[in-house]
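Here's a quick tour of some charged side chains and how they pair up. Have a look at the structure first.

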Amino acid sequence: MGNVVDVAAIRRKFLALHDQLNERGRRLFAAAEVRALGRGGLVAVAQATGIARSTIGRGLKDLNAPPLPAGRVRHGGCGRRALTTEDPTLLNDLRHLLAPMTLGDPVKPLLWVSKSLAKLAMALRKMGHQIGPTTVAKLLRQLGYSRQCNSKANAGSHHVDRDAQFEHINAQVLAFQADSRPVISVDTKKKELVGLYKNGGTDYRPKGRPQRVKTHDFADPALGKVVPYGVYDIADNSGWVSVGIDHDTAEFAVNAIRRWWEKVGRMRYPGATRLMITADGGGSNGVRVRLWKMELQRLADEIGIEIAVCHYPPGTSKWNKIEHRLFCHITQNWRAKPLTSRLAVVELIAATTTTAGLTVDCEIDDRLYLAGIKVPDADMEALNIVRADFHPEWNYAIKPRGPK
């Protein structure tokens, strides 16, 4: 009966420690129990733990051996030989397979691969190597390869005066802010489908219960799309977004600025005599858009203040403050949330905040805007526009016209 009791006690102890021990620890535990039990202990411990007698025998030898270096569970030289040792041409053949698919600069230590592990393993097997996808993954890491997505890093066209225009914009902004004059950054966020459509990103939900959305992104005829046009007050760290339901035109863009001024700007800057706008060089507020300048003239006439405009050079729209101080936070706020209605769009935008104190006001602009409006030369000549000496096409001011 004594041996039965010993076996049960050993089993309980082993089960209590099993998950906390590595293979060496389990081997040493069994060997220590055998040594404590004495004669007949090997059979009892093997029965209690399920560890092979030969493994327990190695554990007994380990008890008498010097301790291993920290972090090791086996002596040096133990285990299976590296596949690259047994198959010396493997790495070169793998490099050969990867060479035509390398997308980066081969001189740099980090390279990219666009073939799957399974396809690489299959190709290597056809060349006579015995290898699977898991081992291919290990070899790729050894060679310095990893899977990476594309990186938007190339700015496209590079104007010779790119940096000079940045410096000009910065100087103008600092001058306006020094005089407590408003400076706003404006742009159109990308159009969004309204309805039960997939929205990028992830959010927490009960496991196995993702938000179900439509499988195809065909616009709902009743809901259509929305066009968010943003106005970001640089000094106040606050935003205004007009959510349009029609075309993204210069008339729509300037009306968004008008609504910001009527609802927010006039009260925030009661004594302002000048307003500065930084904008991209294209789109509804583009450099060459005549309607943009004509609508700004109308706005200047209405509010009675001068409007100075500085456009960013070609290919640098992502430097516009509104992109990384307002639009990116809106995108984060509504990630993985279908924009089921126009009201949902407004509420999600208006709920956008940051720890830096960003606040956003938002409203629907349900007006319809006619696309393709042509501005005749006579109307352009009637503008009260003053162009700067440095790149006058990018930098200009529109002053209010007197009463007719």
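Asp 236 makes a salt bridge with Arg 268, with 3.3 Å between the closest N and O atoms. Asp 236 sits in the loop between strand E5 (225–233) and strand E6 (238–244), while Arg 268 belongs to helix H10 (residues 250–268), so the pair ties together parts 32 residues apart in sequence. Arg 268 is partly exposed too, at 29%.

A salt bridge here is a side-chain nitrogen of Lys or Arg within 4 Å of a carboxyl oxygen of Asp or Glu. Helices (H or I, at least four residues) and strands (E, at least two) are DSSP runs, numbered from the N terminus.

## A pair within helix H2

Glu 23 and Arg 27 also join in a salt bridge, at 3.8 Å from N to O. They're four residues apart in helix H2 (residues 23–37), so about one helical turn separates them. Glu 23 is partly exposed at 32%, whereas Arg 27 is buried at 9%.

Glu 23 and Arg 27 also belong to a salt-bridge network with Arg 24 and Asp 62.

## The wider count

The structure has 20 salt bridges. Among them is Glu 192 with Lys 189, at 4.0 Å between the closest N and O atoms. Glu 192 is buried at 8%, and Lys 189 is buried at 10%.

## How to read the numbers

Residues are numbered from 1 along each chain as its sequence is written, and side-chain values use heavy atoms, leaving out hydrogens and water. Because the model is predicted, local features need pLDDT of at least 70 and side-chain atom pairs count only at pLDDT 80 or more, while totals for chains, interfaces and linings use all residues.

Key:
Buried means under 20% relative accessible area, exposed over 50%, partly exposed in between (1.4 Å probe, protein chains only).
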